[in-house]
Amino acid sequence: MSRIRSVATSALAVNRRTVLAATGAAAVSAGVGYALRPTDSQAATTTPATGTAAEAPVAQSRRAPAAAPLAPYTRGTTVATVAAPRTSSGFRRLGDGPGWARVVRGDLAAAKSGRAGRRTALAAFVQLTDMHIIDAQHPMRLEYLRSTDVHAWRPQEALTVHGAIALVERINALRGAPVTGAPLHFAMTTGDNTDNNARTELEWFLTVMSGGRISPNSGDPRHYEGVMNSGIKQYWQPDTTVRDADKQRGFPHLDGFLAAAIRELNSPGLNLPWYSTVGNHDAMPLGCYGSHADPWLTEYAMGGRKLMSLPAAEAKKLQDAIKTAKDPKGAGFRELLKAHARDMRSVTPDEARAPYTPTEYLKAHLDPAHRGLGPVGHGYSTANLDAGTQYYSFRIADDVIGISLDTTDAGGHYEGSVGTAQLKWLEKTLKDNKDSYAVVFSHHTSKSMDNTRPDPARPGERRHSGAEVVSLLSRQRNVLAWVNGHIHRNDITAHSGTGGGHGFWEISTASHVDYPQLARVIELVDNKDGTLSLFTTCVESSAPHRTDFADLSQTGLAALYRELSFNAPGAGTTLGGSARDRNTELVLKKA
């Protein structure tokens, strides 16, 4: 790229904007007037295909993070240590395990010797994905599918807020990037920030990220009302001596667990600017019923009845309908709930459990109460509100842009796609910024974008698959990476270039709701030898690996959140990916 400029700092050269990104927040708050470029974002103000864009307001920092040292910082990362089982049977306890080695991948270009002494840091950021902040008492939840599929309900689901706060605490504790020591520019969430498109969950997510007090409870403010005190043996009943199915597997009896789980707790908020990308669970009830879902479901979500059990045959029928997208509006789901009205448990109604619309999602991000360290709107702007879009671009550094896509399909189903207008906007944005490297963010992976159901709001617009997005990105000379989530598994794929493109890396990161509950630091460097490298380093939350069942504090519950996820019946054993998908150096040719 012709615009790359750098200065030497000790043995490591650091891009000018990298330094400014670390110190600019203090300069702004001190009245110097320097506008931090990572807080600029652009969204189409008219038809996305035109590429017309407007600047979003620039956030003023309310907390100034300390400048990070320019030395590798691996403390708290999986390079140093990873949770590992220390018992071999029953309910397996966790402890400190050996760290994961870094693997050099030369699928797209050969790694040249001596590059460590030449490299220049271009940018460094954190990816969080699939946090699935869960209102565990919400009437719309599908816990009863556990009668046919043990994966359908997780014993750790009441502790998602605790786990997410511990992840924020870990990111705040990172004093620099693990390989270069460069300051971390920002954090990006790549969707499924919430679990059930509920206003309660959205409020909790935004407060986790921006800071504040949270009571992870809905309905009765004094008591938990959900499956975990229902007496139904297919769910863990932690506060009682009932020999439920999970206790038979070794799960503990924990007096006071449910009261502790709904107790108020505090999030410090990220000490970095943060951006947001939308996922299917953010956009649609249950992550699968389209934005045009049956309005009866909204009333049910806020109402005073909750279905907690279902015969296996009926559960299997509902699950199959969801998987095959046979009921995108939820009409069949409505009829099933009505048919089982007498089997429901009475709960406290709560209007805060209502689903939120795409417009409400944008307005919540733009709310000054959730500003944190910015930027205003966390990538989204009033231009998105005007255009009815949830995709945008932003400047990461002088030489790097970020592009956040909306891969959800409002027509229904949990798999994704993009519309023609967005695809054209993506191509134009890349061409208009051909002198900058580009990192693309989305929720869905390329392989999970196979749902081309029409968007009801744009019935005449064609939907495009992940293969078509790969084809577009592969033709560009400036695309370095496509960073995403959705599959809850670490998976890194090399995509070769075509038509003059140099290829790019698709980096999919595991969720923070299922074990091993990871986030990822990504560093972009110029090796000064005709190649670039992307370093990926997984990080866990700040919660200790060892748990104490007697510790029901905020920290103790965050540690238990991890251990419960490890022991959850049916929990995947391969979601951490292979060594080639975790801590890596990904080499590619320099454009």
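Visitor: Which residues are in contact with E563, leaving aside its neighbours within four places in sequence?

Guide: With those neighbours set aside, E563 is in contact with F91, R92, R93, L94, H545, T547 and F549, where contact means heavy atoms within 4.5 Å. This is a predicted model, in which local features need pLDDT of at least 70 and side-chain atom pairs count only at pLDDT 80 or more, while totals for chains, interfaces and linings use all residues. Residues are numbered from 1 along each chain as its sequence is written, and side-chain values use heavy atoms, with hydrogens and water left out.

Visitor: Where does E563 lie, and why is it classed as it is, buried or exposed?

Guide: E563 lies in helix 14; helices (H or I, at least four residues) and strands (E, at least two) are DSSP runs, numbered from the N terminus. Buried means under 20% relative accessible area, exposed means over 50%, and partly exposed is in between (1.4 Å probe, protein chains only). The value for E563 is 0%, so E563 counts as buried.

Visitor: What makes the pairing of E563 with R93 a salt bridge?

Guide: The term asks for a side-chain nitrogen of Lys or Arg within 4 Å of a carboxyl oxygen of Asp or Glu. For E563 and R93 the closest N and O atoms are 2.7 Å apart, so the pair meets the cut-off. This pair links distant parts of the chain: E563 is in helix 14 (residues 554-567) and R93 is in the loop between strand 5 (81-85) and strand 6 (94-98), 470 residues apart. Both E563 and R93 are buried.

Visitor: Why can such side chains pair at all?

Guide: Side chains of opposite charge can pair when their charged atoms come close.

Visitor: What makes the approach of E563 to T547 a polar contact?

Guide: The rule wants a pair of N or O atoms within 3.5 Å; within protein, one must be able to donate a hydrogen and the other to accept it, and residues adjacent in sequence count only if both atoms are side-chain atoms. The side chains of E563 and T547 come to 2.8 Å, so they pass the distance test. A polar atom of the E563 side chain also lies 2.9 Å from the backbone nitrogen of L94.

Visitor: How do you know that R353 and D135 form a salt bridge?

Guide: Their closest N and O atoms are 3.8 Å apart, a value within the 4 Å limit. This pair, too, links distant parts of the chain, with R353 in the loop between strand 14 (345-346) and helix 10, and D135 in the loop between strand 8 (120-128) and helix 2 (160-173), 218 residues apart. R353 has a relative accessible area of 0%, so it is buried. D135 is at 0% and therefore counts as buried.

Visitor: What about R462 and E468, and why is E468 put in its accessibility class?

Guide: R462 forms a salt bridge with E468, the closest N and O atoms being 2.7 Å apart. E468 is at 24% relative accessibility, so it counts as partly exposed.

Visitor: How many salt bridges does a search of the whole structure find, and which residues are linked in a network?

Guide: The search finds 29 salt bridges. R141, E143, R154, E157, D195, K306 and D514 are linked in a network of them.

Visitor: What makes a space a pocket or a cavity?

Guide: On a 1 Å grid over the protein atoms alone, a cavity is a set of points where a 1.4 Å probe fits but cannot get out, and a pocket is an open set with protein on both sides within 12 Å along at least five of seven lines; lining residues have an atom within 4 Å of a point. Grid points are joined across faces, edges and corners, and a volume is the space filled by probe spheres set on the points. The count comes to six cavities of 30 Å³ or more, and the largest cavity has a volume of about 80 Å³.

Visitor: Which residues lie nearest the centre of the largest pocket?

Guide: H151, A152, R154, H281 and H488 do, among the 39 residues of its lining. The volume of the largest pocket is about 1100 Å³. Helix 8 gives the largest share of the lining, three residues.
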